[in-house]
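Open the model in your viewer and keep the selection panel at hand. We will go stop by stop.

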Amino acid sequence: MSSPILFDSQALDAEQLIIAWLQPLRPTAIARVGGDPLPFTLVHQVGGYENPCYGTADVLIQVDTLCARTLGYEAARAEMRKTKQAMDELAVHNDAITLFDGSQVGVDYVTVAESPRFKLYEDETILRTMGRYDIGLCYVPAP
Amino acid sequence: MTAPPVTPPSTGVSWKEAGMTDFDNRLYDRGPLAAVLIRDNGGPTTNISPWSQSGTTISAAWSPFSADGNIRPDLLARTLVNGKWTTNASANEGFFMIGANDEKGGADRKASVKHDDAMILQSNFPFDSDLTGEGLTIQFTPVQPLDPLLRRLRMNLPLSDPTGTPIVELPGITFTISKPVDAESIDRQIVLLFARRKAAGNFIFTAEGYSLCKLTDIGAVKRDKVNPDAPSLTYTVLPDPYHVGKDAGDPTSTELVPAYYSVWTAGAGWTAIAA
């Protein structure tokens with residue numbers, strides 16, 4: 001039996017959801033560890049607020065596309081565009097997202113908060129492009 | 001249903017146990033999946049009543065949804081196929097989708113209710129109150145003003161000929177159109193479609209059918225660098241003599257009653273709630 005102090009619902013995990021959505025493009029995770037291949041997509045939640053009574057969450061997600069600097073800026077730009085296309089597809093068509101456990105989820109909305117652009121990255125062998133997206137989510141029954 | 005006792009029970013419950021926190025976000029509705037469909041009202045040929053009556057038998061009639069709860073595929077008179085606007089050659093309902101809406105522009109449905117309080121000498125409070133007027137307007141701002149459909153809507157011109165055949169020009173063809181001086185009363189019909197993909201991945205679809213509408217306002221248009229050169233369009237909903245529905249006060253009645261407008265709800269996300 002769950003603890004009486006735990007609410008019975010919680011917001012969908014935005015990072016998990018966007019990682020699952022972008023996975024078909026290239027390896028995608030919340031962190032890149034040494035040896036992970038490039039190009040690579042990083043997904044982080046960088047802001048947001050929730051209304052447990054409404055059962056809604058409105059979050060800001062940052063999507064970084066990492067490419068090897070040796071491939072050059074045009075290659076990095078092409079990968080950035082693919083990431084953006086995938087996010088635009090979700091924004092316009094509101095596709096169902098299949099999570100890694102095979103279950104399907106949906107989002108309320110996706111809007112582009114910041115168009116993707118090149119940003120500095122601590123590892124100088126990597127070119128990073130960053131975009132940010134506002135995403136609306138629902139609460140679902142907590143496991 | 002058991003009638004509650006007249007006197008309160010001796011023992012009460014908490015706020016939660018009383019059901020005051022029974023929130024259900026599956027019934028929440030928001031999001032960008034919205035479409036405004038419009039066509040000319042052709043009287044009996046554009047009857048969108050959800051029910052029809054034959055003797056004392058009531059049966060389901062028009063719906064924007066298929067039997068499986070999804071959106072029916074034959075709503076539109078034209079579609080965008082591989083970047084080219086194409087007349088729908090298959091049998092269809094003849095609706096035109098107005099395209100993208102302004103982000104804050106629609107579709108706004110605004111009800112107007114007027115009332116008259118009966119005041120009496122002996123009290124400062126109304127003795128009674130009567131509704132003396134009810135109405136509804138629909139306002140939206142389509143942001144694809146180059147579309148010949150939008151030119152016709154803005155000029156309040158017909159979308160179909162007297163036989164019901166659509167006459168709206170396809171985008172891209174040589175196109176000139178003029179607003180006639182002679183005023184003609186144009187009856188429209190508007191269906192607003194909305195969808196929300198629920199957390200479990202399934203859609204809940206809703207549709208609002210306004211059987212008879214007339215243009216009653218056109219917003220100002222100002223061309224600038226970033227905003228679309230597009231006015232808001234406001235339609236007033238009128239009672240359509242062909243539009244009937246079940247008597248909501250007596251759902252088992254075998255008589256349909258005149259209806260102002262109708263709302264449909266469907267989709268796998270909706271039926272899953274009942275399970």
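**Before you start**

This is a predicted model: local features need pLDDT of at least 70, side-chain atom pairs count only at pLDDT 80 or more, and totals for chains, interfaces and linings use all residues. Residues are numbered from 1 along each chain as its sequence is written, chains are lettered from A and ligands numbered from 1 in the order in which they are written, and side-chain values use heavy atoms, with hydrogens and water left out.

**Stop 1: chain A**

Look for two helices and eight strands. Helices (H or I, at least four residues) and strands (E, at least two) are DSSP runs, numbered from the N terminus. Trace the chain along its sequence, and the pattern reads β-α-β-β-β-α-β-β-β-β. Along the principal axes, the C-alpha atoms of chain A fill a box of roughly 55 × 30 × 25 Å. Chain A has 143 residues, and 43% of them count as buried. Buried means under 20% relative accessible area, exposed over 50%, and partly exposed in between (1.4 Å probe, protein chains only). Take the contacts in chain A with a separation of 6 or more: 61% of them come from residues 24 or more positions apart. Contact means heavy atoms within 4.5 Å.

**Stop 2: where chain A touches chain B**

Now show both chains. Here 22 residues of chain A are in contact with 14 residues of chain B. The area buried between the two chains is about 1400 Å², with 53% given by carbon and sulfur atoms. Buried area is the accessible area (1.4 Å probe) that two parts lose on being put together, summed over both. Select Tyr54(A), Asn94(A) and Asp108(A): they supply 32% of the area that chain A buries against chain B, more than any other three residues.

How many salt bridges are there between chain A and chain B? The count is three. A salt bridge is a side-chain nitrogen of Lys or Arg within 4 Å of a carboxyl oxygen of Asp or Glu. Zoom in on Asp58(A) and Arg30(B), whose side chains form a salt bridge at 2.8 Å, N to O.

Next, colour β4 (56-68), β6 (104-105) and β8 (126-141) of chain A, the elements that give two or more residues to the side touching chain B. β8(A) gives the largest share, five residues.

**Stop 3: strand β9 of chain B**

Select residues 188-197 of chain B. This is strand β9, and ten of its ten residues are buried. Arg188(B), Ile190(B), Leu192(B), Phe194(B) and Arg196(B) point one way, while Gln189(B), Val191(B), Leu193(B), Ala195(B) and Arg197(B) point the other way.

Strand β1 (residues 34-40) of chain B pairs with β9(B) in the antiparallel sense over seven bridges. Two strands pair if DSSP finds at least two bridges between them. Find Ala35(B) opposite Leu193(B). β9(B) also pairs with strand β10 (residues 203-218) of chain B, antiparallel over nine bridges. There, Val191(B) has Gly209(B) as its bridge partner.

**Stop 4: His243 of chain B**

Go to the loop between β11 (233-238) and β12 (244-245) of chain B, where His243(B) sits. Is His243(B) buried or exposed? His243(B) counts as buried because its relative accessibility is 0%. Leaving out residues up to four places away in sequence, His243(B) touches residues including Ile48(B), Pro50(B), Ser211(B) and Tyr260(B).
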